[in-house]
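I have a new model open today, and these are my notes on what I looked up.

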Amino acid sequence: MHRFFQNRPPRPPSAIGHLLLLVTLIVTLHLGAPEALAHAVTEGDKGYIQEISGVNLLPFMYLGAKHMMTGYDHLLFLFGVIFFLYRLSHIGLYVSLFALGHSTTMILGVYFNLGINSFLIDAIIGLSVVYKALDNLGAYRRWLGFQPDTRVATLVFGLFHGFGLATKILEYNISPDGLVPNLLAFNVGVEIGQLLALTVILIGMGCWRRTPSFARNAYTANVAMMSAGFVLVGMQLTGYFVS
């Protein structure tokens, strides 16, 4: 996956590279809003969920899709995972491992009420973005002398992302009546949102890879992604210590 960077000296950031970095940091600063720092639920959604009980499949599917489509930390990690994947079979494998991980811990975390501090779990999710960016840059082979199994890493970080989803659902204080069907519906919504987001990312990546800009700016894009991950970690740890 990292042959792209082997024996290639880092290119200085071009104007497009600076733009990529700027856009990434702007998105990250958007995440720095108080509601993002707390990994909070919007008041409208929270009020609606608290008022209903029983099996409500469509509302929970909507909430799951909405969370994934607006979860920039999840999308950044997903972007890093498929950055150097060209075959659909490889993309399907890694996305399936990620989905398996976050589905497992999301359902078990909510069912057994295994809440984790939202600041800490979001900081770990930020670290997953940093890890994947360094992986794409081939840093581990240079530092450690070998390449860690990216499939295992994707699954493990998927487990942490799932705890982030579970933390969000627990904030809804949903009724135990119909809990399991509603959880499954939320998970289906998450997968639908992930597929929609992945489709957009793949279309954009496919167009970008056909241009000379990809070779010039792939290094810069991953540095920008790593920087965004570090900013996310810093924001979440700040929120943890001041809350």
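**Entry 1: a nonpolar patch.** A reminder to myself before anything else: this is a predicted model. The patch covers about 580 Å² and is made by Leu108, Tyr111, Phe112, Leu114, Val180 and Leu184. I picked out Leu184, which sits in helix H10. Leu184 has a relative accessible area of 44%, so I noted it as partly exposed, since that class runs between 20% and 50%.

**Entry 2: the loop at Asn113.** Next I went to the loop that joins helix H6 (88-111) to helix H7 (118-136), where Asn113 is found. Is Asn113 buried or exposed? I read 56% relative accessibility for Asn113, so it counts as exposed; the cut-off for that class is over 50%. I then checked the backbone and found that phi of Asn113 is near 55 degrees, a positive value in a residue other than glycine. I marked this one because most residues other than glycine have a negative phi.

**Entry 3: looking for empty space.** Rolling a probe the size of a water molecule over the atoms shows where empty space is left. How many cavities of 30 Å³ or more are there? I got a count of one. The largest cavity holds about 40 Å³ of space. I wrote down its lining as Ile49, Ile52, Ser53, Gly54, Asn56, Phe60, Ile174, Ser175 and Asn182. Sorted by type, the lining of the largest cavity has four nonpolar residues, five polar and no charged.

**Entry 4: salt bridges.** Side chains of opposite charge can pair when their charged atoms come close. I searched the whole structure for such pairs and found two salt bridges.

- One joins Asp135 and Lys132, with 2.7 Å from N to O. I placed both residues in helix H7, three residues apart, about one turn of the helix. Asp135 and Lys132 are both buried, so each has under 20% relative accessible area.
- Another joins Arg151 and Asp149, and I read 3.2 Å between the closest N and O atoms. Arg151 is partly exposed, because its relative accessibility is 43%.

**Entry 5: to revisit.** I would like to go back to two spots with you: the positive phi at Asn113 and the buried pair Asp135 and Lys132.

Terms used:
Residues are numbered from 1 along each chain as its sequence is written. This is a predicted model: local features need pLDDT of at least 70, side-chain atom pairs count only at pLDDT 80 or more; totals for chains, interfaces and linings use all residues. Side-chain values use heavy atoms; hydrogens and water are left out. Helices (H or I, at least four residues) and strands (E, at least two) are DSSP runs, numbered from the N terminus. Buried means under 20% relative accessible area, exposed over 50%, partly exposed in between (1.4 Å probe, protein chains only). Patches are made of residues with over 30% relative accessible area and no salt bridge: like charges are joined within 9 Å, nonpolar side chains (Val, Leu, Ile, Met, Phe, Trp, Tyr) within 5 Å. Accessible areas come from the Shrake-Rupley method with a 1.4 Å probe; for residues, only the protein chains shown count as cover. A salt bridge is a side-chain nitrogen of Lys or Arg within 4 Å of a carboxyl oxygen of Asp or Glu. On a 1 Å grid over the protein atoms alone, a cavity is a set of points where a 1.4 Å probe fits but cannot get out, and a pocket is an open set with protein on both sides within 12 Å along at least five of seven lines; lining residues have an atom within 4 Å of a point. Grid points are joined across faces, edges and corners, and a volume is the space filled by probe spheres set on the points. Ala, Val, Leu, Ile, Met, Phe, Trp, Tyr, Cys and Pro count as nonpolar, Asp, Glu, Lys and Arg as charged, and the others, Gly among them, as polar.
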